[in-house]
Amino acid sequence: MVEFALILPVLMTLFYGVIEVSRYILIAQKVEKLAHSIADVTSQEQTASATVLNQALAATSDIMSPYTMTTNGTVFISPLYRAPNATDATVNWRYQGGGSLPATSLIGPLNSVPVVPGGFTFDERENVIVAEVFFRFSPLISSQFFGTTTIYRSAFYKPRLGALLTPPA
């Protein structure tokens, strides 16, 4: 009985760790899927309209279910475009929704040169849709040991039917 009392805290810590790591991996996968889904759906449109973007962002709760995006997450949609005779691409416009988590786009501010992954280059007249997803992960039992962290994922898709250069109206 004494041996069990000595090993119980170790077993409970191991059990808790397995649960939290599994939850983190599952949420990170859902955030990745959400980023790709939003970028894919947006890139299939001929024009960027607020109605279409709102419909895509409304799907965030379904993709992230059972985890809530309302206060724990947010999504940014930004087209990047390199104009003719320009040396770099710029961020044309930005649309945010899907949740109310305070976050700042890591791609960069509007009308600035975007921060893109290494080796990512733009040809003249090339356009790319970027979806960025932020989600605040909080441990189930206590954030005393692990703390709350923000999971970030982004996805880059080329528009298929239109350039999507004008801001949604």
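This is a predicted model: local features need pLDDT of at least 70, side-chain atom pairs count only at pLDDT 80 or more; totals for chains, interfaces and linings use all residues.

Reader: Is Phe 134 buried or exposed?

Author: The relative accessibility of Phe 134 is 6%. The cut-off for a buried residue is under 20%. Phe 134 therefore counts as buried.

Reader: How many aromatic pairs are there?

Author: Rings of Phe, Tyr and Trp form a pair if their centres lie within 6.5 Å. By this rule, the number of aromatic pairs is 5.

Reader: Which kind of aromatic pair do Phe 76 and Phe 134 form?

Author: Their ring centres are 5.8 Å apart, with 85° between the planes. Planes over 60 degrees apart count as edge-to-face. The pair of Phe 76 and Phe 134 is accordingly edge-to-face.

Reader: How many residues apart are Phe 76 and Phe 134?

Author: Phe 76 belongs to strand 1, which covers residues 73–81. Phe 134 belongs to strand 4, residues 127–137. The pair links distant parts of the chain, and its separation is 58 residues.

Reader: Which residue joins Phe 76 and Phe 134 in a cluster?

Author: The cluster is held together by ring pairs. Besides Phe 76 and Phe 134, it contains Tyr 152.

Reader: Why is the pair of Phe 120 and Phe 156 tilted?

Author: The ring centres of Phe 120 and Phe 156 are 5.1 Å apart. Planes under 30 degrees apart count as stacked and those over 60 as edge-to-face, with the rest tilted. The pair is tilted because its planes stand at 45°.

Reader: Which side chain makes a polar contact with the side chain of Thr 74?

Author: Thr 74 lies in strand 1 and is buried, at 0% relative accessibility. Among the residues that Thr 74 touches are Met 69, Leu 101 and Phe 134. Its polar contact, at 3.0 Å, is with the side chain of Gln 96.

Reader: What is the radius of gyration of the chain?

Author: The chain has 3 helices and 5 strands, and its C-alpha atoms fill a box of roughly 75 × 35 × 25 Å along the principal axes. A compact globule of 169 residues would have a radius of gyration near 15 Å. For this chain, the value is 20 Å.

Conventions:
Residues are numbered from 1 along each chain as its sequence is written. Side-chain values use heavy atoms; hydrogens and water are left out. Rings of Phe, Tyr and Trp (its six-membered ring) pair if their centres lie within 6.5 Å; planes under 30 degrees apart count as stacked, over 60 as edge-to-face and the rest as tilted. Helices (H or I, at least four residues) and strands (E, at least two) are DSSP runs, numbered from the N terminus. Buried means under 20% relative accessible area, exposed over 50%, partly exposed in between (1.4 Å probe, protein chains only). A polar contact is a pair of N or O atoms within 3.5 Å; within protein, one must be able to donate a hydrogen and the other to accept it, and residues adjacent in sequence count only if both atoms are side-chain atoms. Contact means heavy atoms within 4.5 Å. The radius of gyration is taken over C-alpha atoms; the globule rule is 2.2 Å times the number of residues to the power 0.38. Lists of a residue's contacts leave out its neighbours within four places in sequence.
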